[in-house]
Amino acid sequence: MLENGELIRKAEEDGYQVIVTTDQNMRHQQNLTGSRLAIVVLMATAWPRVQHRTKEIRAAIQEVEPGQVREVPI
């Protein structure tokens, strides 16, 4: 299992542009300055709630810029 910092480094190395997570603390745990990666944080973990917000999640993924964290209220 990778820790958050390792996960971000590995994702960048592998060419990922966005990570979608429910880890609401990631914004405070990671410094994304200069990063090629963006993070979208879902503000709920329950699938029944998340599945009804796919439009907002998709928009956040498309709009977030490298080095940014975007939260999606659910």
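Modeller: A residue is called buried under 20% relative accessible area, exposed over 50% and partly exposed in between, with a 1.4 Å probe and protein chains only. This is a predicted model, in which local features need pLDDT of at least 70 and side-chain atom pairs count only at pLDDT 80 or more, while totals for chains, interfaces and linings use all residues. Residues are numbered from 1 along each chain as its sequence is written, and side-chain values use heavy atoms, with hydrogens and water left out.

Biologist: What share of the 74 residues of the protein chain counts as buried?

Modeller: The elements, which are DSSP runs numbered from the N terminus (helices H or I of at least four residues, strands E of at least two), come to 4 helices and 3 strands. Across the 74 residues of the protein chain, the share that counts as buried is 30%.

Biologist: Why is strand S2 described as largely enclosed by the rest of the structure?

Modeller: Ala38, Val40 and Leu42 point one way from S2, whereas Ile39 and Val41 point the other way, and all are buried. Strand S2 (residues 38–42) is therefore largely enclosed by the rest of the structure, the residues that are buried being 5 of the 5.

Biologist: Which residue of S3 stands opposite Ile39?

Modeller: Two strands pair if DSSP finds at least two bridges between them, and S2 pairs with strand S3 (residues 69–72) in the parallel sense over 4 bridges. Strand S1 (residues 18–21) also pairs with S2 in the parallel sense over 4 bridges, with Thr21 having Val41 as its bridge partner in S2. In S3, the residue opposite Ile39 is Val69.
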